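Me: I'm new to this structure and would like a close look at one part of it. Could you pick a loop residue, tell me how exposed it is, and then walk me through what surrounds that part of the chain?

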Number of protein chains: 2
Amino acid sequence: MSRVSGGLWKNYIAVQIYGANTNVGKTVFSTLLGLRFKNGFKEQNWKFKIQYIKPVSTGPFNDRDDNYVQRYLGQSVSTLYQFENPVSPHIAAREAKDIPNDNHLNILLQRQLRSGAHALTSSPAGWGFCIVETAGGVLSPGPSGTPQADIYRPLRLPAVLVGDHKLGGIASTISAAESLIMRGYDLDAVVCFDDQSKYQNAEYLTRYFNDKLRIPVYTIPWIPHDINSKDKHDEETSMRQYYSETSKHPDILRVASRIYKQHRERTENLESMASRTHQTIWHPFTQHKHVENPDDVLVFDSAYGDFFQVKSTSRSGEDTASNMLYAAFDGSASWWTQGLGHGDPQLALQAAYAAGRYGHIMFAGATHEPALKLAERVLKGLQNPRLTKIFYTDNGSTATEVGIKMGVRAACKHYNWNGAEEPVGVLGLKGSYHGDTIGAMDASEPCVFNEKVDWYRGRGYWFDYPTFKLKDGRWTVEPPTGMEEEFGPAQYFAEQDDIFDLETRGESPHYEAYIESILDRLVKKEGRKFGALVMEPVILGAGGMIFVDPLFQKSLARVVRRYNFATSESDLPAAKDEHAWTGLPVMFDEVFTGLYRLGRFSSASFLDVHPDISVHAKLLTGGLLPLSITAASDSIFQAFWGDEKSEALLHGHSYTAHPIGSHVASESLIRMQGLKYGPTWWQYKCNWQPGDTSALITKEQKQEKPWKSRVNDDNIWSFWSKEFVLDLSQHKRVDHVNALGSVLAVSLKDESGAGYTSSAAVGLRDALLFQKSKVQIHSRILGNVIYLMASMITKKKDIEIVEEVFKKKLDAMDQEAQ
Amino acid sequence: MSRVSGGLWKNYIAVQIYGANTNVGKTVFSTLLGLRFKNGFKEQNWKFKIQYIKPVSTGPFNDRDDNYVQRYLGQSVSTLYQFENPVSPHIAAREAKDIPNDNHLNILLQRQLRSGAHALTSSPAGWGFCIVETAGGVLSPGPSGTPQADIYRPLRLPAVLVGDHKLGGIASTISAAESLIMRGYDLDAVVCFDDQSKYQNAEYLTRYFNDKLRIPVYTIPWIPHDINSKDKHDEETSMRQYYSETSKHPDILRVASRIYKQHRERTENLESMASRTHQTIWHPFTQHKHVENPDDVLVFDSAYGDFFQVKSTSRSGEDTASNMLYAAFDGSASWWTQGLGHGDPQLALQAAYAAGRYGHIMFAGATHEPALKLAERVLKGLQNPRLTKIFYTDNGSTATEVGIKMGVRAACKHYNWNGAEEPVGVLGLKGSYHGDTIGAMDASEPCVFNEKVDWYRGRGYWFDYPTFKLKDGRWTVEPPTGMEEEFGPAQYFAEQDDIFDLETRGESPHYEAYIESILDRLVKKEGRKFGALVMEPVILGAGGMIFVDPLFQKSLARVVRRYNFATSESDLPAAKDEHAWTGLPVMFDEVFTGLYRLGRFSSASFLDVHPDISVHAKLLTGGLLPLSITAASDSIFQAFWGDEKSEALLHGHSYTAHPIGSHVASESLIRMQGLKYGPTWWQYKCNWQPGDTSALITKEQKQEKPWKSRVNDDNIWSFWSKEFVLDLSQHKRVDHVNALGSVLAVSLKDESGAGYTSSAAVGLRDALLFQKSKVQIHSRILGNVIYLMASMITKKKDIEIVEEVFKKKLDAMDQEAQ
């Protein structure tokens with residue numbers, strides 16, 4: 001969790017001092033830097049008020065750096081956590097039985113900084129400078145045991161690294177810098193005390209950091225006395241002289257100027273980014289006429305865990321002393337992609353590993369470990385005996401195009417159709433959406449997304465279907481308006497589980513008869529040709545978060561698989577084996593719903609159907625970068641087998657199966673697969689408490705599950721609490737609600753009925769983001785549907801706060817309307 | 001350069017021992033490990049023969065670790081570079097004026113390992129174990145100044161890290177491990193000497209490495225005497241006892257077993273990968289019937305610089321003692337993507353930085369620094385006053401689809417056409433190829449790529465055109481066969497420069513009249529509608545490396561821009577301003593030819609045309625991961641401006657403008673933009689020598705340029721030497737050659753004339769890869785064209801060797817045919 005605003009203020013510079021090792025002179029450098037800022041810069045003709053924070057300190061109080069800083073800088077040190085035992089904070093905290101959690105430590109630090117910013121910059125044109133001195137090396141454990149650089153990451157203060165002047169210090173300084181950089185820190189400068197030794201570390205580091213990283217290195221004159229020296233009097237005299245002289249040293253001035261300059265650049269950059277973006281960027285899915293005000297562009301400084309760091313604006317409430325950034329919950333999981341939270345250091349490291357081992361490797365006629373291992377892992381995870389082959393592309397849309405090429409080709413070959421000359425469409429569902437490239441678009445019915453796309457030609461037929469939802473406190477399966485005759489009347493279920501209990505619900509002669517009658521008309525009467533059944537299992541995402549009755553989708557697949565789509569009498573060959581497709585290839589687009597978005601590896605399992613083609617993207621890389629997979633059965637693969645190259649699937653992007661994406665995807669899947677049995681998810685599934693470290697969940701605990709599971713532990717549950725969802729469904733502004741896995745979709749009542757182009761939910765969306773209560777929430781809307789989505793590691797506490805704020809804002813909206 | 005085979009042998013384990021710092025016990029651990037392997041494992045009932053290499057050692061010989069190892073392990077140490085002065089190797093080497101280059105050091109080490117592998121495993125079932133002990137920390141500079149882990153990276157030996165037991169050692173150990181991992185090393189294990197101190201480093205590290213990285217940590221009993229102890233006798237007695245006892249310690253056994261197990265897993269994995277890939281992977285652009293033998297799949301262990309590490313097979317010549325890997329020059333620049341070489345550590349670090357700072361951030365209505373800065377950099381680099389907006393997608397195909405949507409919509413709006421109901425095509429060139437998604441495919445004429453794609457519907461008209469080439473030693477601009485009347489007879493030029501000297505060549509009334517006559521027929525006579533001119537400047541890549549006469553492309557753009565495409569009399573509105581498109585929007589697909597592939601930022605500049613839409617991908621990220629850009633003019637942008645959301649460009653992939661790709665792209669462009677003035681390129685442009693460190697190139701040197709530039713320094717040159725290209729063009733097996741920037745295309749004489757499906761070049765391709773001369777070359781072919789491509793940092797020496805081998809194999813092919 002990281003519901004902490006980033007540490008950035010306009011006239012207040014907070015900088016974090018890290019050491020490449022212990023005993024490299026962090027405190028001495030910090031004191032020098034403090035003196036420099038305190039004495040001010042001639043050019044600017046102003047001085048800084050100084051603050052000095054040590055978040056964690058170990059050792060008896062009187063004997064500590066605090067005294068030292070007081071003596072030479074004339075500045076008291078704010079210590080947030082003080083442990084008596086002079087050992088590493090994680091050992092001291094454990095012994096003292098006082099282990100502050102990381103988030104709490106950040107909140108304390110943030111508060112201290114905030115009040116400092118307020119106090120120090122209260123006078124007109126007042127500037128504040130704050131040193132945050134860390135303990136030990138960059139990755140030395142904090143009290144909780146988490147490496148320091150990870151603990152403080154949500155604040156993302158600019159860092160200065162004090163290099164290691166000792167033998168071996170070149171290596172440890174560069175490695176320490178790399179650890180900071182790969183955690184998303186901006187490293188303003190490296191400083192190195194010049195011990196005049198033969199090691200010449202500073203000389204080497206200066207060149208290295210300049211050439212490789214464009215980061216300046218500054219050399220500071222050597223310290224005459226060790227900070228832990230015994231001879232106090234002698235020390236004090238010579239150190240006073242040292243500080244007096246050295247604080248005027250050109251390199252101290254340079255490093256101070258650099259810090260100041262970087263701060264100005266960062267704040268000015270942040271302030272100009274919205275208008276520069278407005279000038280330069282053509283945004284995806286955006287009617288730019290609707291966002292003519294540059295301030296409508298949200299500026300993101302960074303992100304960590306489930307939270308963005310967003311630039312404050314007049315809408316979010318900005319003043320000079322207040323934080324320039326605020327944390328906002330990423331309520332769309334960044335367009336449905338996030339799995340392990342933003343800025344995960346291990347995922348970043350694994351991305352770097354693959355980049356370092358391979359860069360990219362051309363994949364035609366070739367293989368590499370990340371691509372092969374991921375393919376094997378996905379095939380195993382899908383638990384679909386039909387699927388044997390993995391084809392890689394870059395995103396959901398391209399993977400869909402590949403799937404359609406596969407399915408349609410297989411059908412054309414099977415039925416002896418010439419797809420190039422006669423139209424062969426797909427069967428699908430109304431309101432489906434499979435991507436933005438023309439082929440993927442053509443697989444969806446005409447709608448607002450493709451209305452003005454000149455090359456769009458919808459190819460296929462799209463079925464109506466019953467949907468399910470929680471409406472007025474009742475789980476309901478509902479036919480489309482006016483289609484009771486086709487689908488039967490609305491049905492009510494005690495639990496969401498019951499809707500998915502397809503074994504108990506049995507086959508649906510009603511649904512199947514309806515589907516067959518449509519097919520008879522299309523195929524037998526009109527002679528139309530179809531090459532594949534293409535659908536998103538359970539939820540039609542971009543089409544408006546429509547939750548389809550799983551029994552209908554199952555029925556559709558059943559009917560399609562037994563139906564003869566041949567347009568002449570005799571040409572339906574028998575399927576070769578039990579895993580071969582029949583009727584038409586069935587393709588599932590799991591781009592949104594697969595890979596744990598709904599709590600399961602594959603969303604096909606909700607329907608009890610094994611598709612012949614399965615498409616995956618988004619969560620595949622845990623939320624890091626684009627990569628997609630089209631999995632296919634052997635009988636699909638065989639359709640491209642032939643003597644001619646032109647019979648092959650001649651598709652392949654340059655970065656096909658890029659090692660970075662493939663490797664990160666495997667790492668993400670390993671971690672997400674572990675979540676199934678881990679504490680985070682059990683919090684949602686049952687009343688397990690985070691303090692409880694027992695590996696086994698008792699039977700009693702299982703029975704207390706908020707989301708009851710009838711069939712097995714793998715079944716129907718949600719990150720969003722049952723009470724909250726039930727409550728929402730009875731809200732007078734709400735038409736209905738759905739909650740499955742990490743997805744919450746709230747359909748607001750919309751008198752205008754304008755669908756996608758409606759702005760019914762805009763007010764609520766803005767109210768969630770631009771407000772000052774417990775947490776700001778960044779959410780996305782689809783017409784009158786506002787949805788929220790967690791990552792796979794969202795903490796229950798955060799969900800609860802988000803639920804509380806959501807409810808409050810919904811109520812407020814209601815009151816405003818009255 | 002890294003023309004060194006990776007260090008992997010089946011029965012010979014070479015492991016590299018790195019230290020988290022100096023003085024952490026590398027030599028003691030190495031000795032223990034050596035003893036363990038020497039004494040063998042009871043279970044397996046076999047012993048290892050031992051080898052011990054210190055690539056670099058500093059300090060007087062007799063006083064060194066070598067003696068120590070000899071004493072306790074009974075094994076002499078092979079030292080490759082010995083410096084007297086006991087300082088860091090980079091200082092010692094500089095002082096000794098003996099600075100071995102990194103590649104040379106690797107070649108020496110590789111040779112030593114290879115002979116060790118041969119000697120140690122010569123007996124039946126013989127196993128060898130080799131310790132390669134590094135000096136100092138992971139990133140301590142080697143003799144050349146390059147950090148050690150970077151020097152030895154081409155060999156990519158499995159690494160064991162000796163952790164730092166001292167205070168602060170937790171941080172330095174994790175950081176050191178991260179530095180290794182992000183350079184693509186496999187870290188087999190971490191070991192830590194247990195100094196029984198209160199720091200408890202081993203305990204922490206064990207948990208951390210297990211939880212975060214799944215890497216085991218082993219704890220080794222503390223060393224009784226310092227290696228540099230004075231009391232030699234006492235030391236020897238107690239150390240002998242220590243080694244005798246500790247080499248039997250369970251954790252030494254465990255770490256040895258782990259190394260062994262990892263080695264077995266790696267070799268077995270490598271050996272099974274081809275057949276597992278064959279089973280699981282559906283390859284891009286591959287007729288699987290043509291690669292039925294699993295051995296046809298190339299297995300890549302890693303890559304570095306311009307070289308792959310490929311698994312040896314029977315075709316490449318495998319035996320137990322020989323290396324399981326061989327280095328092959330990446331002659332297709334991994335499908336035209338590579339810019340900064342594989343495995344660049346700084347690019348890997350920058351990828352990790354963006355991952356650590358952001359992960360991914362949803363880009364609708366939002367902005368972040370990497371995306372904005374890249375957009376600004378690309379717009380500036382393109383130097384095209386028309387282009388003002390950047391739209392991001394994931395690859396060349398999606399960026400092309402976006403460009404077509406833009407262009408066609410702008411034209412339809414302008415000419416009042418309803419593209420959804422009437423066919424609106426594009427104008428292009430025969431043999432063009434823009435990508436694999438349906439929309440991108442539809443922009444190309446019917447060909448082998450789309451022949452069996454059921455949803456392909458070519459939409460447009462594709463012009464014939466004259467091509468240019470070096471043929472029989474003459475630079476020739478040639479009309480298509482039988483079209484002398486339309487384009488005039490073949491023209492000859494003294495230099496390639498002259499073909500691109502469009503100022504001197506002037507306008508071409510001949511070309512323009514021809515183009516107009518075609519347009520008159522299509523538009524005026526047949527009433528066909530066109531929405532954009534879409535073409536690849538200079539080279540049609542995937543279509544077969546066809547080099548188009550730049551004057552023709554310029555003429556086409558000129559005519560299209562002045563032509564009235566209105567299909568009724570009065571509806572051609574005037575252009576609003578000088579940067580607005582007229583006639584039709586002109587879109588350039590620079591996916592292959594842009595971003596320095598041909599030596600310039602934009603390939604449009606070769607044609608003297610400012611397109612209205614410009615598409616970029618491939619080299620954009622320097623060869624790391626997928627990202628693409630569609631740049632557009634304001635007059636294109638305005639076509640999507642309206643009150644309705646449906647009028648907007650409703651396109652956007654989940655990972656639009658992902659921070660990792662955007663940030664890496666900026667870093668790559670900064671570096672590639674620097675190459676223009678750097679030594680690497682000057683080697684090709686003129687006779688500048690690498691030893692010459694003068695920043696300025698003299699006038700005399702400029703005049704000696706192998707590729708003469710008439711217009712300015714930015715003009716026509718190639719990585720491939722003029723002599724070589726001239727020579728090839730006169731070879732009896734060669735029809736013609738082209739060389740521009742990093743691209744070399746050799747069109748072989750092909751009696752069958754089968755084009756794409758021809759296998760004329762297959763023999764040469766295989767001969768280049770499966771052979772034992774100076775360097776193996778991995779190349780790709782397109783029909784009868786074999787092409788080679790360098791990255792932007794390929795060394796002249798490597799190019800020369802590749803040229804030599806290429807020539808030799810071409811000659812051999814010729815002899816075989818006789």
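Predicted model: local features only at pLDDT ≥ 70, side-chain atom pairs only at ≥ 80, totals over all residues.

**A loop residue and the sheet beside it**

Reply: Asp608(B) has 15 C-beta neighbours inside 10 Å, so it counts as partly exposed. To be called buried it would need 20 or more such neighbours, and to be called exposed it would need 12 or fewer, so a count of 15 falls in between. The backbone has something to show here too: Asp608(B) isn't a glycine, yet its phi is positive, near 65°.

Where does Asp608(B) sit? You'll find Asp608(B) in the loop of chain B that runs between β21 (586–589) and β22 (613–616).

Both of those strands belong to an open sheet of seven strands in chain B. Reading across, the order is β12-β23-β22-β21-β18-β13-β14, and the pairing is mixed. As you go from one strand to the next, the twist averages 20°. Which strands stand at the edges? They are β12 (387–393) and β14 (460–463) of chain B. Each has a single partner strand, so one side of each is left without a neighbour in the sheet.

Now hop over to chain A for another loop residue. Lys618(A) also has a positive phi, about 40°, although it is not a glycine. Its place is in the loop between β22 (613–616) and β23 (628–633) of chain A. Is Lys618(A) buried or exposed? Lys618(A) counts as buried, because it has 30 C-beta neighbours inside 10 Å.

Chain A is assigned domain 1 (12–267), domain 2 (345–669) and domain 3 (718–816). The centres of domain 2 and domain 3 of chain A are 29 Å apart, taken over C-alpha atoms. Their contact takes 15 residues from domain 2 of chain A and 20 residues from domain 3 of chain A. On the domain 2 side of chain A, strand β15 (residues 467–471) gives the most, with three residues. By type, the residues on that side divide into seven nonpolar, four polar and four charged.

Terms used. Residues numbered from 1 in each chain as written. Chains lettered and ligands numbered in written order. Domains from an automatic or database assignment. Contact = placed C-beta atoms within 7 Å. Helix = DSSP H or I, 4+ residues; strand = E, 2+ residues; numbered from the N terminus. Nonpolar A, V, L, I, M, F, W, Y, C, P; charged D, E, K, R; others polar. Pairing = 2+ DSSP bridges. Axes fitted to C-alpha atoms, helices over the stretch in contact; angles between N-to-C directions.
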